[in-house]
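Here are my notes for a first look. Please read them with the model open beside you.

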Amino acid sequence: MNPVRSTFTVAAVVGLVATVAIPAFAAVRSTSADAMTLQQVAANNAQSIVVASEVAPAALDRSGFTATTPEEIQKKKDEEAAAKAAAEALANRISASSSTASYSQSIPLVAPGSGLVRRPLMSFNNFGTPYAGHRGTDYMADRGTPIYSVADGTVVASSESGPGWGVYVKVAHNINGTNVTSLYAHMDWGTRAVQVGDTVSAGQLLGQVGDTGRAFGTHLHLEIVVDGAYMNAESWLVANAG
Ligand SMILES: [Zn+2]
């Protein structure tokens, strides 16, 4: 071994370390206090890469990769059963609160006005236009806006899981001998104030506006059926509401 060459090599390595240890002002220029050495930058990058590789598989599918032995599989099944039970308990609490209507105590239980037919929303601004294949009229309203029955009647549906309607209530009416049904969809969770079989009065609180089911934004989807025929709900209200 040539001692001169060996010393030369060591000096070159020391020089390399000294070079990369210079604060990387070009990379991090915000303040001098933020200045990092290239080693720190490299260490941070390495750390973030490690974190990403640890997190990604777990985020993709916890149940797919983590259990391998029979004991682990059983443990995972137990955990999943516990999570399911917790979700069901939450759902039960939500439906229980809807039957007591505790969520609705701060809003009027009866809409103002008189007459056989009332508007379902106390404040009426704009509404969506009915379109092909859409049997209701959409009334834009804030979450929590009270929804009232359009007339005296009997509740024939009250559910948290309507097809596309989400949380909804349907009422059957007989208005001066004419059979009318009204359906109120996309109510907020836990706000239904009536159950199937309940008798309701015109203007009685049914629930509150939300965006459950197939809804993009909070609104009331109102369907009015007169003697079996779907009506333009807004036109029907203009003609009939007192
Ligand atoms: Zn609608």
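**Notes on the predicted model**

1. D227 is found in the loop between β9 and β10 (229-231). Its phi is near 50°, a positive value in a residue other than glycine. D227 is exposed, because its relative accessible area of 56% is over the 50% cut-off. Keep in mind that this is a predicted model.

2. N176 sits in the loop between β5 (166-175) and β6 (178-187). Phi of N176 is near 50°, again a positive value in a residue other than glycine. N176 has 68% relative accessibility, so it counts as exposed.

3. **Overall make-up.** The chain has five helices and ten strands. It holds 242 residues, and buried residues make up 32% of them. Take the contacts between residues at least 6 apart in sequence: 61% of these join residues at least 24 apart.

4. **The zinc site.** Which residues coordinate the zinc ion? They are H134 through NE2, D138 through OD and H221 through ND1, at 2.0 to 2.1 Å. Along the chain, the donors follow the spacing H-x3-D-x82-H. D138 and H221 link distant parts of the chain, being 83 residues apart. D138 belongs to strand β2 (residues 137-140), and H221 to strand β9 (residues 219-226).

5. Are D138 and H221 buried or exposed? D138 has a relative accessibility of 10%, so it counts as buried. H221 is at 5%, so it is buried too. The cut-off for buried is under 20%.

6. **The largest pocket.** Its volume is about 380 Å³. The lining has 17 residues, and the closest to the pocket centre are Y131, H134, H186, R214 and H221. H134 and H221 are also zinc donors. The elements that give two or more residues to the lining are β2 and β9. The largest share, three residues, comes from β9.

7. **Strand β4, at S159.** S159 lies in strand β4, which covers residues 153-162. A polar atom of the S159 side chain lies 2.9 Å from the backbone nitrogen of S161. What does S159 touch beyond its neighbours within four places in sequence? It is in contact with G166, V167, Y168 and R192.

8. **Strand β4, at G162.** G162 is also in strand β4. It counts as buried because its relative accessible area is 13%, under the 20% cut-off. G162 and G213 are 51 residues apart along the chain, yet their C-alpha atoms are separated by 7.2 Å.

9. **The aromatic pair.** How many aromatic pairs does the structure hold? There is one. W165 and Y168 form it, with 4.8 Å centre to centre and 55° between the planes. The pair counts as tilted because 55° falls between the cut-offs of 30 degrees for stacked and 60 for edge-to-face. Y168 is also among the contacts of S159.

10. Y168 is at 11%, so it is buried. The 20% cut-off lies between these two values.

Key: Residues are numbered from 1 along each chain as its sequence is written. This is a predicted model: local features need pLDDT of at least 70, side-chain atom pairs count only at pLDDT 80 or more; totals for chains, interfaces and linings use all residues. Side-chain values use heavy atoms; hydrogens and water are left out. Helices (H or I, at least four residues) and strands (E, at least two) are DSSP runs, numbered from the N terminus. A polar contact is a pair of N or O atoms within 3.5 Å; within protein, one must be able to donate a hydrogen and the other to accept it, and residues adjacent in sequence count only if both atoms are side-chain atoms. Contact means heavy atoms within 4.5 Å. Rings of Phe, Tyr and Trp (its six-membered ring) pair if their centres lie within 6.5 Å; planes under 30 degrees apart count as stacked, over 60 as edge-to-face and the rest as tilted. Buried means under 20% relative accessible area, exposed over 50%, partly exposed in between (1.4 Å probe, protein chains only). Donors are N, O and S atoms within 2.8 Å of the metal (3.2 Å for Na, K and Ca); water is not among the atoms, so sites may look incomplete. On a 1 Å grid over the protein atoms alone, a cavity is a set of points where a 1.4 Å probe fits but cannot get out, and a pocket is an open set with protein on both sides within 12 Å along at least five of seven lines; lining residues have an atom within 4 Å of a point. Grid points are joined across faces, edges and corners, and a volume is the space filled by probe spheres set on the points.
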